[in-house]
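Hi,

Here is the structure I promised to pass on.

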Amino acid sequence: MTDAPPPIREIRINPIVPTESVLVATARGMRPREAEERVARDTRNQVDTCPFCRGNEARTPPSLRTYPEVGPWDIRIVENLYPVLGDDRQQSNLAFGLQQVIDGYGRHEVVIDHPHHGISVHEMRPGHLAQLFRLVQTRMGELYGADPRLSYVLLFKNFGRAAGASIAHTHSQLIAMPVVPQNLHNELHHSRAYFLRHNQCVFCSLIDEALTFEATIYDRQSGAVRRRIDVGQYLVERGERFVAIKPFASRFEWEVHILPLDHQADFLQTPGEALADFAAVLQRTMARLDWVIGGAQYNYFLHSQPRSNAFWDHATSFHWHLEICPRTSIPTGFELGSGLFVSTLSPEYAAARLRAVMLD
Ligand SMILES: [Zn+2]
Ligand SMILES: [Zn+2]
Ligand SMILES: [Zn+2]
């Protein structure tokens, strides 16, 4: 068991997007944030009334992609019945004064991750997960190829009601959109600026730091040790080609990011053998999270170099990654009003707790 660290109260600047910061306030007496209710998970393999279960294929739109292509499916991609973006309407661009509008054009698809209704990601075989991300890669390529108006294809997963999942059956979603999401845009912009200053990818620098950095910070007046930074302090899981890291300025208490160890901007260019390692790191990371927080409700989403022309020169400065954001508390008015996320758990302590989990 890891000892609780001394209390901290500090504003940490996001090293990738310096305009974003997080208040880490772990001091005793800090009012605990309202916790998300833990809901009992439906662990059944098959639910007759569920449109995403095997045998109920007629209740969803036809498959756009399946794996395997013949026989009982393991993974299916279908159109979303309630798309947030669609191509069904012909809208003209109406702009008036400050009310600028971009047409809500795009595609919205559902990836049924697994035939078993209530399975968690950490319970899926790594081979299955590798196949899942391979199929997603294929579909993303098709979406980009089909329409040059699409600037970004976002893969994300909502798991649990607190994370916005409306259908209990495990699934993720692909949204092909006419704009690059603002948070990704910020990462692209700032990592490019970092590259132009340092001739190095900021994500690669962070990985190097997480793997090798060791330092002691002394108080200038008293000479006392203010903070000791240990080797691998932010490391959660490591594979041959991927690493899971707890961000120094985590917005969510249990947030973890997975990145390729070798520089790679575009997820679509990640070869199959690397995806196998990615799947293993993801499965183990999710098992750690499940062990520590129990029945995690979370969102994960993939940030990769967009295919749109505006970002062609970001291949050296951007580094693709998966951000896993467990929902353990509800954002407060302070957070919404200030844009400053509050973390009541020190990221170093959270990383140590996750690392300490003994997996087989
Ligand atoms: Zn189901
Ligand atoms: Zn890099
Ligand atoms: Zn990101």
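Below is what I found, going from the overall picture to single residues.

First, the ground rules. This is a predicted model, so local features need pLDDT of at least 70 and side-chain atom pairs count only at pLDDT 80 or more, while totals for chains, interfaces and linings use all residues. Residues are numbered from 1 along each chain as its sequence is written, chains are lettered from A and ligands numbered from 1 in the order in which they are written, and side-chain values use heavy atoms, with hydrogens and water left out.

Overall, the protein has 6 helices and 15 strands (DSSP runs numbered from the N terminus: H or I of at least four residues for helices, E of at least two for strands). Of its 360 residues, 51% are buried; buried means under 20% relative accessible area, exposed means over 50%, and partly exposed is in between, with a 1.4 Å probe and protein chains only. Taking contacts (heavy atoms within 4.5 Å) between residues at least 6 apart in sequence, 68% join residues at least 24 apart.

Now the helix pair. Helix α4 (residues 272-293) packs against helix α6 (residues 347-356) at about 105°, and their axes are 9 Å apart. The axes are lines fitted to C-alpha atoms, for helices over the stretch in contact, with angles from 0 to 180 degrees between N-to-C directions. That makes α4 and α6 roughly perpendicular (65 to 115 degrees; under 35 is roughly parallel, over 145 roughly antiparallel, and the rest oblique). From α4 come Arg 288, Leu 289 and Val 292, and from α6 Arg 353, Leu 354 and Arg 355. By class, that contact has 3 nonpolar, no polar and 3 charged residues (Ala, Val, Leu, Ile, Met, Phe, Trp, Tyr, Cys and Pro are nonpolar; Asp, Glu, Lys and Arg are charged; the others, Gly among them, are polar).

Asn 199 sits in the loop between α2 and α3, has a positive phi of about 55° without being a glycine, and is exposed at 62% relative accessible area. In α3 (residues 202-212), the buried residues include Val 202, Phe 203, Ile 207 and Ala 210. Their cover includes α2 (182-198), β11 (242-245), β12 (256-260) and β14 (321-326). Cys 204 is buried at 14% and Cys 201 at 4%. The structure has 0 disulfides (pairs of cysteine sulfur atoms within 2.5 Å).

Two buried residues with polar contacts are worth a look. Arg 139, in helix α1 (residues 126-146), has a relative accessibility of 10% and counts as buried. Its side chain makes a 2.8 Å polar contact with that of Glu 109 (N or O atoms within 3.5 Å; within protein, one must be able to donate a hydrogen and the other to accept it, and residues adjacent in sequence count only if both atoms are side-chain atoms). Beyond four places in sequence, Arg 139 also touches residues including Leu 64, Ile 77 and Leu 174.

Ser 304, in the loop between β13 (298-303) and β14, is buried at 4%. A polar atom of the Ser 304 side chain lies 2.8 Å from the backbone nitrogen of Phe 267. Among the other contacts of Ser 304 are Tyr 152, Leu 184 and Trp 320.

Finally, the peptide bond from Tyr 67 to Pro 68 is cis, with omega near -15°. Pro 68 is in the loop between β3 (63-67) and β4 (75-79).

Cheers
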